[in-house]
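Colleague: Could you walk me through this model? A quick tour will do.

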Amino acid sequence: MTFDLGEYRDRLRRRSRRRILSLLMLTGVMALIYLVGGDGLSMEEERLWSGVREAETAVADWRRSIGSFPSITDDPWNLGLIGLEWSPLSTTLGSLPSKRTACHPDWAVVFLRWFRSLGLSAGDPVVIMSSSSFPGLLLNMLMASEFYDLDVHLVVSLGSSTWGCNDPKAPWPTMAKELRRRGFLSTRAYCYTLGGGGEVGSGISPEGIDIMTSAAMKAGVPVLSSSSKEEVVGWKMDFIGRVKPKVVVSIGGSSANMGDNPAVLSLPPGISKPGAKGGDGVIGRSLKEGYTVIHLLNLRDLALAEGVPFDSEPVRGTVGRRSIFLSLSGLAVYIGATLFFSRFSHGGETLGNKI
C-alpha cells in the first residue's frame, strides 16, 4: 500500500475545516441567543410594568380632561408625562426623545433589579432627589420603590427642562396629587425646591414661581426657602444625614445635586458606589460620605447599557433585549460563514476523491 502524502494533507485540512465549522456554528447559536434573547419578566415584574403603564394612561386621560394633553406628534404613545416645548416653568432645553424614553415602564423593572442587586430589603430607607425634568423616570422610580416596599423620602425641584413636567396646568405637585388620588402612588414629597439656577428659582419668571408655589401649597408640601445653591446643598445633605438611607437617588440634573465641579460630568449614569468621584454637589458629597448613589441622567447611554428601547413605543418584555439590527447582523455573519466553510469542505472532499 502506497502512502499518499497529498491525500493525507487533504484529510487533515478537511478535518480542520469541519472543526472550524462546528465552532462557528456553536458561536453563531450562542451569539443569536445573546442578541435576540432578553432576561424576560417575572410575574412580579409583569405586574409592576403593567402598573406603570396603567398609571401613564390614567395621567393621559386626566390631562385630556383638564385641557393639558400635548399634541399626538409629541406624545404618540399616550405616555401622559410629556410636557411642553416651552412654558413659564421651563428652565433649560431638553430632549423630547429622552423624555419619551424616560416614560418606558422597562425602567421600573430595571430599578427593581437594581434594588435586588444592591441587597435592599423591605423597609430600607432611600432618599430620592429629583428634578421635574424627567417625570417618567420619577414615576418609574417611585412605583418601583413602593412595589419593593422601601421607605421613600422624596425631595423634588419644580423647575423643568423643556418637554418635562412644565405644563402650568399639570406641574409635578398637581400631577403627583392626582396619581395619589387614583391609587398609583402613596409617597408625598417631604419638600419642594424651586429648581432653576442654583435651585433657588433663578432664571424662572415670577409667573412661573407663582404657579409652582401655588401648586405646592394646594398639595400640602412646603417649598424650601433658600438664597443660594450652597444653602440648598447643605439642606439636602442634612436631610440625607437625618434619614441615613441605604441609597441616594438623583434624577435629572438639578443644580444642587450636580454641583459646580466638572467631575460629576464624568460620573457614568446608573449605580455608583462610595469612593467614586462625583463633584461637589449632593451626588459627589453623598458618595464621599459613604452612600451608594443611583445617578439618572444621560438617558441615551443608560438606555443602551440597560437594554431599554430608546424613543420607542412601550412593549412589555423588551428590557434587556438587544437591537434587532445586531441580531440580524449576527445571523447574516453566521449563515455566511456556514455557507463559506461548507463550500470549502465539499470542495476538499471532491479534490480528495480525485486524488
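Modeller: Accessible areas here come from the Shrake-Rupley method with a 1.4 Å probe. By that method, the protein exposes about 16500 Å². Keep in mind that this is a predicted model.

Colleague: Take S6. Is that strand mostly covered or mostly open?

Modeller: Mostly covered: S6 spans residues 292-296, and five of its five residues are buried.

Colleague: Which residues sit on each side of S6?

Modeller: Thr292, Ile294 and Leu296 are on one side, with Val293 and His295 on the other. Both faces are covered.

Colleague: In what sense does S4 pair with S6, parallel or antiparallel?

Modeller: Parallel, over five bridges; S4 is residues 247-251. Within that pairing, Val247 has Thr292 of S6 as its bridge partner.

Colleague: What about S5 and S6, parallel or antiparallel?

Modeller: S5, residues 270-272, pairs with S6 in the antiparallel sense, over three bridges. Ile271 is bridged to Ile294 in S6, and Ile294 is one of the buried residues of that strand.

Colleague: Back to the whole chain. Of the contacts with a separation of 6 or more, what share comes from residues 24 or more positions apart?

Modeller: Such residues account for 78% of those contacts.

Terms used. Residues numbered from 1 in each chain as written. Predicted model: local features only at pLDDT ≥ 70, side-chain atom pairs only at ≥ 80, totals over all residues. Heavy atoms only, no water. Contact = heavy atoms within 4.5 Å. Buried < 20%, exposed > 50% of the residue type's maximum accessible area, 1.4 Å probe, protein only. Helix = DSSP H or I, 4+ residues; strand = E, 2+ residues; numbered from the N terminus. Pairing = 2+ DSSP bridges.
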